[in-house]
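Take a look at the model below.

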Amino acid sequence: TNTWLATFVNFVGLAGLIASFFSIIYAYSRQIFALSRAGYLPTSLSLTNKNKAPYLAIIIPGIIGFLLSLTKEGDSLILIAVFGATISYVLILLSHIKLRLSKPDMPRPYKTPGGIVTSCIALVLAVAAVVAGFVVNPKVWFIAAAIYVVFIAYFLFYSRYHLVKGTPEEEFANIKAAEQEL
């Protein structure tokens with residue numbers, strides 16, 4: 001049934017989507033620009049125009065996103081995004097646990113409340129989310145996994161041999177380290 005409440009929720013959701021649209025474009029273009037500039041993605045994606053905007057890092061993913069929106073597979077696209085996010089969570093949590101175990105005395109500006117226990121609980125939940133995505137639609141899960149495999153293969157066979165030395169981030173880190181030694 002079409003009630004006023006459903007209409008209101010739809011309008012609020014649409015307004016939120018529109019409000020986040022520009023920040024989504026900014027975020028993906030900056031991520032692609034940074035990865036391209038460092039050599040993890042094709043360096044042509046970090047080309048900028050006369051206004052210093054990374055136009056290919058904005059346009060190409062935008063075109064891909066637009067074409068994907070025409071597939072009318074919104075639920076599958078959301079599941080692929082969830083797969084990517086949960087795999088990222090799993091990898092971050094595994095990295096955190098490994099670092100806490102291998103370098104327990106390393107100075108840290110932030111300590112996770114609950115330490116490794118919290119990370120282990122979050123890891124179990126993230127793995128459960130990955131498994132739940134597989135149960136919901138194994139085909140989409142395999143497509144998302146295949147996308148990961150393609151990017152990993154690209155890194156292993158090409159980009160790791162073509163990484164850009166001296167990216168601005170590395171230079172800033174070197175300057176900061178040198179200033180701290182003084």
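L79, V82, F83, T86, A129, V130, G133, F134, N137 and W141 line the largest cavity. Two elements give two or more residues each to this lining: helix 3 (74-102) and helix 4 (115-136). By class, the lining has 7 nonpolar, 3 polar and no charged residues. The volume of this cavity is about 50 Å³. The structure holds 1 cavity of 30 Å³ or more.

This is a predicted model, where local features need pLDDT of at least 70, side-chain atom pairs need pLDDT 80 or more, and totals for chains, interfaces and linings use all residues. Residues are numbered from 1 along each chain as its sequence is written, and side-chain values use heavy atoms, with hydrogens and water left out.

On a 1 Å grid over the protein atoms alone, a cavity is a set of points where a 1.4 Å probe fits but cannot get out; a pocket is an open set with protein on both sides within 12 Å along at least five of seven lines; lining residues have an atom within 4 Å of a point. A volume is the space filled by probe spheres set on the points, which are joined across faces, edges and corners. Helices are DSSP runs (H or I, at least four residues), numbered from the N terminus. Ala, Val, Leu, Ile, Met, Phe, Trp, Tyr, Cys and Pro count as nonpolar, Asp, Glu, Lys and Arg as charged, and the others, Gly among them, as polar.

**Pockets**

The largest pocket holds about 1,500 Å³ of space. Its lining has 35 residues, and Y28, P61, I64, G65 and L68 lie nearest the centre. Helix 1 (4-38), helix 2, helix 3 and helix 5 (138-157) each supply at least two lining residues. The lining divides into 26 nonpolar, 7 polar and 2 charged residues.

The second largest pocket holds about 190 Å³. Y40, L41, L91, Y148, F151, I152, Y154, F155 and S159 line this pocket. Helix 5 gives the most, with 5 residues. By class, the lining has 8 nonpolar, 1 polar and no charged residues.

**The surface**

L47, Y55, I59, I60, I63, I64, F66, L67, L68 and L70 form a nonpolar patch on the surface. Together these residues have about 910 Å² of accessible area. Such a patch joins nonpolar side chains (Val, Leu, Ile, Met, Phe, Trp, Tyr) within 5 Å, from residues with over 30% relative accessible area and no salt bridge. A salt bridge is a side-chain nitrogen of Lys or Arg within 4 Å of a carboxyl oxygen of Asp or Glu. Accessible areas come from the Shrake-Rupley method with a 1.4 Å probe, and for residues only the protein chains shown count as cover.

L70, one of the patch residues, sits in the loop between helix 2 (55-69) and helix 3. How open are single residues? Buried means under 20% relative accessible area, exposed over 50%, and partly exposed in between (1.4 Å probe, protein chains only).

| Residue | Relative accessible area | Class |
|---|---|---|
| L70 | 51% | exposed |
| G16 | 37% | partly exposed |
| I78 | 57% | exposed |
| K52 | 64% | exposed |
| K72 | 76% | exposed |

**Distances along and across**

G16 is in helix 1. G16 and R160 are 144 residues apart in sequence and 39 Å apart in space, C-alpha to C-alpha. I78 lies in helix 3. I78 and V140 are 62 residues apart along the chain, and their C-alpha atoms are separated by 9.9 Å.

**Two positive phi angles**

Most residues other than glycine have a negative phi. K52 has a positive phi of about 65° although it is not a glycine. K52 is in the loop between helix 1 and helix 2. K72 also has a positive phi, near 60°, and is a residue other than glycine. K72 is in the loop between helix 2 and helix 3.

Terms used. Patches are made of residues with over 30% relative accessible area and no salt bridge: like charges are joined within 9 Å, nonpolar side chains (Val, Leu, Ile, Met, Phe, Trp, Tyr) within 5 Å.
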